[in-house]
Each structure stands twice: as structure tokens, then as C-alpha cells.
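This report describes a sheet and a ligand site. The sequence and structure come first, and the description follows.

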Amino acid sequence: MKKSLSNHLLTVGSVAFDSIKTPFGQAKKTLGGSATYFSLAASFFAQPSIIAVVGQDFQHRHKQILQKRQIDLSGLRVQKGKSFAWTGEYFLDLNTRQTLKLALNVFADFKPQLLLHHRQSPYVFLGNIHPKLQLQVLRQIENSKLVGLDTVDFWIEHNLKELQKVLKLVDVFVINEAEARQLSKERNLRQAAKKIIRMMGKTKSPILIIKQGEYGLLMFYHGEIFNSPGYPLETIFDPTGAGDSFAGGFMGYLAGVDKVDENHLKRACIFGSVIASFCVEDFGTKRLERLTKKEIQNRFAEFKHLTHFEIK
Ligand code: AMP
């Protein structure tokens with residue numbers, strides 16, 4: 001888990017205030033957003049930078065949460081108005097949630113302008129945000145090694161054409177199983193994966209990861225499938241940010257080792273799952289804020305033990 005300055009990982013996504021209700025409690029206007037969770041998770045492996053905009057309600061204490069993990073905020077603009085705000089509720093089945101309110105606020109007129117070191121970032125992740133913004137960021141990138149993409153049902157429903165444009169330009173696509181079905185119009189996940197991989201035009205070997213909540217994930221790569229379970233947690237408080245933390249751990253690990261071969265892709269899946277499993281143990285970003293590298297390594301080793309068996 002070495003971190004070197006050459007392992008830059010740029011992300012665009014929401015930096016938000018979330019109001020969350022789960023069967024175990026609720027939190028109001030807590031720091032969240034796809035870029036927040038992504039970069040906190042990635043910061044254990046690589047050097048993340050955020051491209052986003054916040055409003056005047058974003059305070060010094062929120063900035064400090066990101067700065068404590070050495071996240072580069074030179075691309076985080078502060079604009080007049082309110083930050084992106086998301087309200088969601090989870091029911092007893094914590095794998096599905098309902099978005100109750102989504103206000104783009106300052107993101108509505110955001111035009112991302114990348115600095116030189118952002119443009120030259122070798123690893124890029126287009127986190128969950130309007131596909132138009134994902135495209136604007138991607139067009140400014142000069143020499144990337146690996147570009148990843150995330151989205152949610154909201155953009156599939158409202159901005160499909162723009163999303164399909166971005167999808168053609170990326171190497172890695174991370175979505176959850178309901179979104180995979182929504183996008184492909186296929187119920188069976190292998191059929192869905194085939195269709196989505198056909199939609200990804202950029203590389204000869206696109207990588208598609210379908211997240212299955214607490215049950216784990218399927219990674220489709222180079223004509224193969226890798227299947228990892230979720231870490232069997234005893235307590236889950238708040239699933240918010242699990243997907244972004246997975247993506248941050250996954251991309252962060254690859255950027256940190258600066259290798260994208262089969263073995264590293266599989267390890268990246270496990271590191272992503274490890275970080276996501278920690279994220280859900282407390283409300284908002286709290287668990288990620290106090291997470292340590294030692295805890296990550298220990299749970300990574302537990303994962304190996306959990307999934308290992310001998311043939312004879
Ligand atoms: P996750 O649980 O990993 O899928 O992501 C949850 C985070 O995504 C929350 O902190 C929200 O602020 C943010 N979020 C929810 N919906 C959207 C959206 N449509 N665009 C961008 N960010 C979103």
C-alpha cells in the first residue's frame with residue numbers, strides 16, 4: 001500500500017450534503033457525495049484529487065475531513081449558493097434505497113476547468129454525477145492509463161444519450177445490478193454484461209464490474225468472470241457511500257501499484273470490497289475517517305481466508 005506522488009487519481013463527482021434514514025437511525029445534512037466517499041477510500045492507496053463544486057454551506061470542518069487524508073482540493077470550487085443535496089431512505093432490505101430528494105444546486109451551472117496536474121493524471125474516475133460533466137472532464141484529460149466510470153439510475157433514466165457517449169470512452173464501468181438490468185433491459189446478469197460491454201467502445205478489453213450489495217460483485221474482464229462475495233458483516237448502519245468507497249478502493253489500489261493485469265484487478269476488487277465493508281459500519285463518512293491501513297490489511301487477509309479452499 002505504497003503511496004507515491006506519481007500515482008495520481010483524479011475524480012469528478014458530487015461533494016454533497018446527505019440526509020439519510022435507515023432502520024437504525026438517521027443523519028441530517030452530513031457530508032457525503034460520490035467524490036467524497038471515492039477519494040476518502042482511494043486515499044489509503046494513491047493520491048486522489050477532486051474536481052467538484054460546493055456552496056457556501058461547505059465549511060472548514062468539512063474541508064478538514066478531506067484534507068486530513070491528504071486529498072488534493074485544488075479542483076474543488078466554492079460558489080455562491082448551496083451544495084448538492086441528496087435525501088435517501090433505506091428499508092430493512094439494505095440493498096435497495098429510495099432517493100427522496102435530489103437538488104443539484106451549485107452543480108447545475110458547474111463548468112469544470114482542470115489544472116495541468118489534473119489533466120495529466122494517469123488514473124481518472126468519472127464518479128456519479130451528470131454525464132455531461134463527466135464528458136467535460138474527460139475531454140480535458142491528456143494521457144490517461146485507465147479511466148473508470150460510475151453512474152446511477154437517475155442518470156440512466158434522465159440522461160441516457162449523454163451517458164452512452166461517456167460509456168464509449170472509458171476502460172472500466174462500475175454499476176450495481178439493478179442499474180445493469182435497467183441499462184441493458186436484460187434480467188440475467190451475464191446477458192446484461194454482454195450488452196453493456198458491447199456499449200463500451202474504447203478498449204479491446206473493457207472491464208465491467210456489477211456490484212451486488214452485501215452479496216459481493218461480478219467482474220467481467222478479458223472474456224472471463226471473477227466473482228467475489230461481500231464481507232459478512234455483523235452490523236451495518238448505513239449503506240450510503242458503499243458503491244463509491246468500493247470504486248475508490250478499486251481504482252486507488254490500481255493507481256497505487258500502477259498495474260492493471262489480471263491479478264491486480266482481482267486484488268483491487270477485494271480491496272474495494274474491504275473499504276466498502278468498513279464504510280457501512282457507521283453513518284456517513286465517520287467510519288472511513290477513523291479507518292487505518294492496519295484494519296484494511298487485516299480484513300484483506302480475512303477475505304483471503306474466507307474464500308480459500310483446497311481441491312484435495
Ligand atoms: P453510493 O451509496 O455509493 O451509491 O453513493 C451515495 C452518495 O452518492 C451519496 O453521498 C449522495 O450524495 C450521492 N448521490 C446520490 N445520488 C446522486 C446523483 N444522482 N448524482 C451524484 N451523486 C449522487
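## Sheet

Two strands pair if DSSP finds at least two bridges between them. Helices (H or I, at least four residues) and strands (E, at least two) are DSSP runs numbered from the N terminus. The model is predicted: local features need pLDDT of at least 70, side-chain atom pairs count only at pLDDT 80 or more, and totals for chains, interfaces and linings use all residues. Residues are numbered from 1 along each chain as its sequence is written, and side-chain values use heavy atoms, with hydrogens and water left out.

Strands β2 (residues 16–22) and β6 (residues 84–90) are parallel and share six bridges. Within this pair, I20 has G88 of β6 as its bridge partner. The open sheet has four strands in the order β3-β2-β6-β7, with mixed pairing. Its edge strands, β3 (25–32) and β7 (97–103), each pair on one side only.

## Ligand site

The shell around the ligand has 21 residues, counted as near if a heavy atom lies within 4 Å. D18, G33, R97, G241 and D244 come nearest. Polar contacts are pairs of N or O atoms within 3.5 Å. A polar side-chain atom of D18 is 2.4 Å from a ligand oxygen atom, and one of D244 is 2.7 Å from a ligand oxygen atom. For G33, a polar backbone atom lies 2.7 Å from an oxygen atom of the ligand.

Helix α9 gives the most to the shell, with three residues.

Notes. Polar contact = N/O pair within 3.5 Å; in protein donor to acceptor, adjacent residues only side chain to side chain.
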